[in-house]
Amino acid sequence: MTLFALCAYGAACAALCRLCPRRLRWIVLLLLSLGFYAVRGLRGLPFLLLTGLSTWLGALLMERAASAPAGAPGVPPPSREEKHRRRAQVKRRQRIVLAAVLTVNFGLLFALKMADELLGWFGAQPLGWVLPLGISFYTFQSMGYLIDVYGGKTRAERNPARFLLFVSFFPQLIQGPISRYGQLAPQLASPPDVDAQGAKRGALLMLWGLFKKMVIADRALPLVSGVFDAPGGEFGGAMTVMAVLAYSLQQYTDFSGGIDLVTGIAELCGVQLAPNFRRPYFAVSLGDFWRRWHISLGTWMRDYVFYPFALTRPMRALSRTAKGRFGAEIARALPAALGNILVFLLVGLWHGATASFVLWGLYNGVILAVSALLEPAYRRFGERHAALAGSRGFHVLRVLRTFVIVNIGWFFDRCASASGALRMMGAVLCSPQAGQLTGQTLAALGLPAADAWVLVLSAALLFAVSLAQERGRDVRGWVLSRPLPLRWAIIIGAVVAVLLLGVWGSGFDEATFIYYQL
């Protein structure tokens, strides 16, 4: 299914929902979502159904275990010890169900995602399994719901079809976001009418997503691939810096462009998906960056991995021990520091079971851990030098520093091997070869002068729009509030840019999204 076909499918879904009674819209969305998934590959449908059914049943079993029967008339109420024993028994049963469902679903995800890479470590023949569409996203989303039911934060859904819609809602299957049950399920149960203004806003967001994906991301791809996939030693540090900057731009516009596209489709259907990006390259620290990038995954890891780990008994014991030796500030920061390392190690493995992704996770985790330990010192510096810390120049310096730190990490994210990443970073420091920065070299890599100018000007437009949004301006609202001639000039210009400047061919398919197979 091409990107435009995806847009047409989303518009058709919105129209069907608008035509049918509101109480039946969830059924239409369910049928269309399952139909979309079946078109993308029937082989993946059993995995989706397995996750939906096992999670729905597990949540019901846990809630049923917690529903204690009322005492019979004339029977004295249980003693305090008896109540405590019953609660412990209920929790034990719930933990068994929780562990079983988590094991089945994460085990399946691990087997499908990691098997070939792990077999490659031992020199075995890869199995060649193809990942079902969106398996990471719907698995994380379903397991988050299950954990919330276990913790008493969410009531278990009684209707299996309604729960299956929460799992399979088709826009988010492509590359997220990872939605929470309490935020998404009520909207899917009874999608509201979409007025003309809402439909226009959704369509504009879809158009912006297409522009970011087709005009920017796919145009930067040949330069990125040409340098990162070249044999060792072919390019010096200057071209390597250009390639990693292009990759930074490509990855952001590819991922966030896809999120804009699916969010716009959901808005046409009356559903507001959780935000997944908030202009990450304006971040002032690495922690701030990861709170802005792939927000739904970050909050999932925070709530279901970071906090449970930091609050475990071993971590509390470690904190008490550290308090006596290093002081209260270090004691408070130590569980958070170790939690950050664990979270990013897991995120690295989620990207792939390779040494480069493990190093990428450790790189980010260790920097965040050190930042957590040094946070009291940063705070004291800000208090003592308030004028400097609050100045615009210092803010810009922090943004640039964060940008450099993030781009160093992208070497591990993009290179096929850890040794390749270290070799390319070594070239940046020791072998710049600035003479390679010529139009002829760029053209040979698939980026002729005309495309290079389109890429630069499109990136400048992206920066301007992002800066306006960072300052709190509603860009879509601004466009829609312009006089009719100017409004249509902007919209037609964007459509023409996508049609004439968009990269066509193999890039014109959602399967080429970077995060499509995660």
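**Figure 1. Salt bridges in the predicted model.** A search of the whole structure finds 21 salt bridges, a salt bridge being a side-chain nitrogen of Lys or Arg within 4 Å of a carboxyl oxygen of Asp or Glu. The model is predicted, so local features need pLDDT of at least 70 and side-chain atom pairs count only at pLDDT 80 or more, while totals for chains, interfaces and linings use all residues. Residues are numbered from 1 along each chain as its sequence is written, and side-chain values use heavy atoms, with hydrogens and water left out.

**Figure 2. Close-up of individual salt bridges.** Lysine 213 and aspartate 218 meet through their side chains in a salt bridge (3.1 Å, N to O). Both lysine 213 and aspartate 218 are buried, where buried means under 20% relative accessible area, exposed over 50%, and partly exposed in between (1.4 Å probe, protein chains only). A salt bridge also joins aspartate 229 to arginine 414, with the closest N and O atoms 3.2 Å apart. This pair links distant parts of the chain, 185 residues apart: aspartate 229 is in the loop between helix H8 (196–228) and H9, and arginine 414 is in helix H16 (residues 392–414). Helices are DSSP runs (H or I, at least four residues), numbered from the N terminus. Arginine 414 has a relative accessible area of 18% and is therefore buried.

Figure 3. The side chains of arginine 302 and aspartate 303 form a salt bridge (2.8 Å, N to O). Aspartate 303 counts as partly exposed because its relative accessibility is 23%, and arginine 302 is partly exposed at 38%. Elsewhere, a network of salt bridges links Arg279, Asp288, Arg292 and Glu470.

**Figure 4. Side-chain contacts of two serines with the backbone.** Serine 285 is in the loop between helix H9 (237–268) and helix H10 (286–292), and its side chain reaches the backbone nitrogen of aspartate 288 at 3.1 Å. Serine 285 is buried, with a relative accessible area of 19%. Serine 33, in helix H2 (residues 25–40), has a side-chain polar atom 2.7 Å from the backbone oxygen of leucine 29. Because its relative accessibility is 0%, serine 33 counts as buried.

Figure 5. Most residues other than glycine have a negative phi, and most peptide bonds are trans. The peptide bond from glycine 176 to proline 177 is cis, with omega near 5 degrees; proline 177 lies in the loop between helix H6 (160–168) and helix H7 (181–189). Histidine 294, although not a glycine, has a positive phi of about 45 degrees. Histidine 294 is in the loop between H10 and helix H11 (295–310) and is buried at 4% relative accessibility. Glutamine 433, also not a glycine, has a positive phi of about 50 degrees. The loop holding glutamine 433 runs between helix H17 (418–430) and helix H18 (439–444), and glutamine 433 is partly exposed, with a relative accessible area of 36%.

Figure 6. Lysine 91 is located in helix H4 (residues 80–121) and is partly exposed, with a relative accessible area of 32%. Glutamine 89 also lies in helix H4 and counts as partly exposed at 26% relative accessibility. The C-alpha atoms of glutamine 89 and alanine 65 are separated by 9.1 Å, the two residues being 24 residues apart along the chain.

How values were computed
A polar contact is a pair of N or O atoms within 3.5 Å; within protein, one must be able to donate a hydrogen and the other to accept it, and residues adjacent in sequence count only if both atoms are side-chain atoms.
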